[in-house]
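Biologist: Before we go through this model, could you take me through its local geometry and its charged side chains, giving your cut-offs as you go?

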Amino acid sequence: DKYEVNKLFKQFDQDGSGTIDFVEFAEMIKLLNRKKYQVVFNQFDVDGSGELDPEEVQSAFELLGFTFTPEVVAVMISDYDLSGDNLVQFGEFCEMLEGTLIQ
């Protein structure tokens with residue numbers, strides 16, 4: 001609604017110019033996408049551990065409309081899994097999705 005739009009506008013018009021430049025717009029889109037990603041992440045993090053295993057990552061991607069083989073998912077996890085535990089935390093999940101969407 002109009003209130004939410006104005007709230008977002010004020011939050012992301014960081015220089016107070018009354019307009020949103022490309023960088024500010026990109027940050028706004030990133031935040032809105034991360035809210036969607038959180039819903040998907042939580043749906044597959046059924047035990048509430050804050051982590052997804054490779055099968056859960058693959059299922060989450062499928063829900064978002066991506067089809068990857070288990071081998072591709074394994075490579076993606078290795079690219080974004082900062083802790084090296086073969087589990088994906090929410091921040092890593094977001095980075096993985098954002099990297100996938102850019103390519």
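Helix ends, charges and surface

Biologist: Which residue just after α3 takes a positive phi of about 95°?
Modeller: This is a predicted model, in which local features need pLDDT of at least 70 and side-chain atom pairs count only at pLDDT 80 or more, while totals for chains, interfaces and linings use all residues. Residues are numbered from 1 along each chain as its sequence is written, and side-chain values use heavy atoms, with hydrogens and water left out. Helix α3 covers residues 54-63, helices (H or I, at least four residues) and strands (E, at least two) being DSSP runs numbered from the N terminus. The residue with that positive phi, just after α3, is Gly-65.

Biologist: How many salt bridges does the structure hold?
Modeller: A salt bridge here is a side-chain nitrogen of Lys or Arg within 4 Å of a carboxyl oxygen of Asp or Glu. Arg-34 meets Glu-95 in one at 3.0 Å, N to O; since Arg-34 lies in helix α2 and Glu-95 in helix α5 (residues 90-102), the pair ties together parts that are 61 residues apart in sequence. Arg-34 also meets Glu-98 at 3.2 Å, N to O, and that pair links α2 and α5 across 64 residues in sequence. Shared partners join Arg-34, Glu-95 and Glu-98 into one network, and the number of salt bridges in the structure is 2.

Biologist: Is Glu-98 buried or exposed?
Modeller: Buried means under 20% relative accessible area, exposed over 50%, and partly exposed in between, with a 1.4 Å probe and protein chains only. Arg-34 is partly exposed at 22%, and Glu-95 is partly exposed at 38%. At 15% relative accessibility, Glu-98 counts as buried.

Biologist: How far from Glu-24 is the nearest side chain of opposite charge?
Modeller: Glu-24, in helix α2 (residues 22-44), is buried yet has no salt bridge. Its side chain reaches the backbone nitrogen of Gln-14 at 3.0 Å, and its contacts (heavy atoms within 4.5 Å), not counting residues up to four places away in sequence, are Phe-12, Asp-13, Gln-14, Asp-15 and Thr-19. With Lys and Arg counted as positive, Asp and Glu as negative, and His and the chain ends not counted, the nearest opposite charge is on Lys-10, at 15 Å.

Biologist: Which side chain of opposite charge is nearest to Asp-81?
Modeller: Asp-81 sits in the loop between α4 (70-80) and β2 (88-89), where Asn-86 is also found and has a positive phi of about 65° although it is not a glycine. Asp-81 touches Asn-86, Leu-87, Gln-89 and Glu-92, not counting residues up to four places away in sequence. Asp-81 is buried without a salt bridge, and the nearest side chain of opposite charge, 15 Å away, is that of Arg-34.

Biologist: What is the area of the nonpolar surface patch that includes Phe-22?
Modeller: Phe-22 belongs to helix α2 and, at 66% relative accessibility, counts as exposed. The patch is made by Phe-22, Val-23, Phe-25 and Ile-29, and its area is about 420 Å².

Terms used
Polar contact = N/O pair within 3.5 Å; in protein donor to acceptor, adjacent residues only side chain to side chain. Patch = residues over 30% accessible without salt bridge, like charges linked within 9 Å, V, L, I, M, F, W, Y side chains within 5 Å. Areas by Shrake-Rupley, 256 points an atom, 1.4 Å probe, with all protein chains shown as cover.
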